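Me: I have a chain open here and want to talk it through. Can we start with the overall picture and then go into details?

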Amino acid sequence: MCLHVFIINRSKLWHNTRNFSLMKLVCERRYKAILFRQACVSLSPGLWHSMDLTSSQRNQLQNQWVRELERQEGEKEDEQIVAEIMGRRFFPDLITHKTWEGFHFAGHEIRITEATDCYGAVVWPSALVLCYFLETNSKQCNLVDKNVIEIGAGTGLVSIVASLLGAFVTATDLPELLGNLQHNVLHNTKQKCKHQPCVKELSWGIDLEKNFPRSSCHFDYIMAADVVYYHPFLDELLLTFDHLCKNDTVILWAMKFRLEKENQFVDRFQTLFDLEMISNFPSLNIALYKAMRKGRMKARPSKPMV
């Protein structure tokens with residue numbers, strides 16, 4: 001018993017230390033970027049004069065240097081955080097009769113059973129990005145006792161992490177995916193959560209009022225990871241967002257950009273909702289958004305996910 005507790009505490013300590021090291025590295029890089037910008041601006045007048053540039057050309061060159069530095073620093077920071085996110089995934093040491101992947105989130109080891117013959121039964125990187133945000137921003141996005149629905153839950157990883165963080169979660173997807181979804185949710189949350197999550201069928205745009213009546217269904221958060229891709233149900237998806245979202249509901253949506261169709265959906269989405277990019281990961285081509293009903297969200301600068 002004592003050994004078991006020690007292992008858990010040591011795991012938490014290692015996890016906290018890793019997060020602190022990441023934050024320290026990001027701060028150091030930003031500090032170096034500030035020093036470099038100051039050096040560019042404060043180059044001796046004699047050096048600028050020897051380059052035979054006009055004042056406008058000097059300013060333009062300085063700005064180009066600063067932008068290039070910021071781009072390089074952004075790429076390094078992106079790679080570091082992406083490595084941290086992907087480092088939460090692990091695989092079984094031995095081949096078993098069931099295909100599964102493991103993840104470390106919210107102080108728990110989560111095992112997800114997958115199926116390679118269906119898009120909805122695979123853990124995609126967007127889900128990891130959203131889970132990482134929920135875990136590392138638990139103060140500004142406090143899920144304790146909040147009512148959360150995940151649409152297109154797939155394997156259930158996001159729903160599981162939200163449940164472990166204290167939310168009352170409804171995980172939804174197509175009927176053919178509910179068996180595997182229910183298995184993953186139950187296996188990873190039973191006797192571990194404040195509120196036991198439920199699994200429910202939701203086919204986008206179909207019987208929404210019947211299955212999720214506006215008068216009685218109120219969700220604090222709608223979560224979605226990689227629900228926008230090349231499929232013929234984007235109209236129904238937008239209708240589903242619109243039906244489930246109340247004036248004070250917050251949408252957290254992780255999206256991988258693949259084709260122009262994704263950009264078109266974002267444009268249509270913004271006719272109904274205010275959209276704020278929380279984080280962007282160019283190396284993954286994934287963006288994480290926060291959205292609310294038009295006029296309900298005060299604009300504020302996006303913050304890096306650290």
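**Overall make-up**

Reply: Buried residues make up 44% of the 306 residues in the chain. Keep in mind that this is a predicted model.

Me: How many helices and strands in the chain?

Reply: The secondary structure comes to nine helices and ten strands.

Me: And what share of the contacts with a separation of 6 or more comes from residues 24 or more positions apart?

Reply: Such residues account for 66% of those contacts.

Me: What about the accessible surface of the chain, how much belongs to carbon and sulfur atoms?

Reply: The surface comes to about 16800 Å², and carbon and sulfur atoms hold 57% of that.

Me: On to the inside. Which residues touch the most other members in the largest nonpolar core?

Reply: Ile110, Leu130, Leu134, Leu143, Leu157, Met223 and Leu252, out of 48 residues in that core. Helix α4 (residues 125–136) supplies the largest share of this core, with eight residues.

Me: What is Met223 in contact with, leaving aside its neighbours within four places in sequence?

Reply: The list is Leu130, Leu134, Leu143, Val148, Ile149, Glu150, Ile151, Val158, Ala162 and Leu252. Another core, of 29 residues, lies apart from the largest one, and Ile151 is among its residues, as are Trp204, Leu208 and Ala224.

Me: Switching to α6. What span does it reach, first C-alpha to last?

Reply: Helix α6 covers residues 178–189, twelve residues, and reaches 16 Å, close to the 16 Å expected at 1.5 Å a residue.

Me: Which residues of α6 are buried?

Reply: Leu178, Leu181, Asn184, Val185, Asn188 and Thr189. They sit on the same side of α6, because they cover an arc of only 130° around the axis.

Me: Last one, Asp274. Where is its place, and is it buried or exposed?

Reply: Asp274 is in strand β9 (residues 273–281). Its relative accessible area is 18%, so Asp274 counts as buried, the cut-off being under 20%.

Me: Which backbone nitrogen lies 2.7 Å from a polar atom of its side chain?

Reply: That of Gly295. Leaving aside neighbours within four places in sequence, Asp274 is in contact with Lys290, Ala291, Met292, Arg293, Lys294, Gly295, Arg296 and Met297.

Notes:
Residues are numbered from 1 along each chain as its sequence is written. This is a predicted model: local features need pLDDT of at least 70, side-chain atom pairs count only at pLDDT 80 or more; totals for chains, interfaces and linings use all residues. Side-chain values use heavy atoms; hydrogens and water are left out. Helices (H or I, at least four residues) and strands (E, at least two) are DSSP runs, numbered from the N terminus. The expected span of a helix is 1.5 Å times one less than its number of residues. Buried means under 20% relative accessible area, exposed over 50%, partly exposed in between (1.4 Å probe, protein chains only). The arc is that of the directions from the helix axis to the C-beta atoms. Contact means heavy atoms within 4.5 Å. Accessible areas come from the Shrake-Rupley method with a 1.4 Å probe; for residues, only the protein chains shown count as cover. A nonpolar core is a set of buried Ala, Val, Leu, Ile, Met, Phe, Trp, Tyr and Cys residues joined through side-chain atoms within 4.5 Å. A polar contact is a pair of N or O atoms within 3.5 Å; within protein, one must be able to donate a hydrogen and the other to accept it, and residues adjacent in sequence count only if both atoms are side-chain atoms.
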